[in-house]
Amino acid sequence: MADYSNQTFLNEKIKLPHNDFKIGIVTALWNSDITLTLKKGAIKVLSDYGIKSNSIITWDVPGSYELIYASSKLASRGLDAIICLGVVIQGETPHFDFICDAVSNGIANITIKYNIPIGFGVLTTLDHDQALERAGGKHGHKGEEAAWTVLKMLEKG
Ligand code: DLZ
């Protein structure tokens, strides 16, 4: 069995029942130097698994808080899965905590309401470097991991 606590699980081949899934990718443009890298990785994994580009619905939103609305809207349109990508960096005010709480609870509610898998590729870091390390650096690529994870959840329907 793969070790899901490190990046080696990405090497585990998922056996999808078919590749006709419609998958949304919602990307927050706050810290876009990192989030667009996460998005690129997510698209790569989906296309490696044969998901057609016209079945990948992308939506770029201003900040991570808007991931909630965009994911809910896409879920209501009947998509099979959604990947949420964002980078929230701790600042000097409690704003970080409010955004992180709202986004994680909001996404959890959507996955329950619409009964679809949602990949939580939202980095919550103390600084910019920690986020970079998780976008293809020494701590892996959370965009690729979020995409792989929703495919894994679709493996069993
Ligand atoms: C306002 C804000 C702040 C301070 N920090 C971040 C951040 O680190 N990452 C992020 O994705 N978004 C941030 N935002 C923007 C909010 O998510 C949201 O877009 C605005 O509050 C407007 O609703």
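A: Let us begin with the pocket. Helix 3 provides the largest share of the lining of the largest pocket, four residues. Helices (H or I, at least four residues) and strands (E, at least two) are DSSP runs, numbered from the N terminus. Two notes on the source come next. This is a predicted model, where local features need pLDDT of at least 70, side-chain atom pairs count only at pLDDT 80 or more, and totals for chains, interfaces and linings use all residues. Residues are numbered from 1 along each chain as its sequence is written, and side-chain values use heavy atoms, with hydrogens and water left out.

Q: Which residues line the largest pocket nearest its centre?

A: Lining residues have an atom within 4 Å of a point. There are 16 here, and Trp30, Val88, Ile89, His95 and Ile99 lie nearest the centre. Strand 3 (81-89) and helix 3 (95-114) each supply at least two lining residues.

Q: Which residues of helix 2 are buried?

A: Buried means under 20% relative accessible area, with a 1.4 Å probe and protein chains only. In helix 2 (residues 67-76), the buried residues are Leu67, Ile68, Ala70, Ser71, Leu74 and Ala75. Their cover includes strand 1 (23-28), strand 2 (56-61), strand 3, helix 3 and strand 4 (118-125).

Q: Why does Ser71 count as buried?

A: Ser71 counts as buried because its relative accessibility is 0%. Contact means heavy atoms within 4.5 Å. Beyond residues up to four places away in sequence, Ser71 touches Val26, Ile82, Cys84, Ile107 and Ile110.

Q: Which residues touch the most other members of the largest nonpolar core?

A: A nonpolar core is a set of buried Ala, Val, Leu, Ile, Met, Phe, Trp, Tyr and Cys residues joined through side-chain atoms within 4.5 Å. The largest has 28 residues, and Leu16, Ile23, Leu46, Ile51, Ile83 and Leu151 touch the most other members. Helix 5 gives the most to this core, six residues. A second, separate core of 21 residues includes Ala70, Cys84, Phe96 and Ile116.

Conventions: 1 Å grid on protein atoms, 1.4 Å probe; cavity = no way out; pocket = protein on both sides within 12 Å on 5 of 7 lines; lining within 4 Å. Buried < 20%, exposed > 50% of the residue type's maximum accessible area, 1.4 Å probe, protein only.
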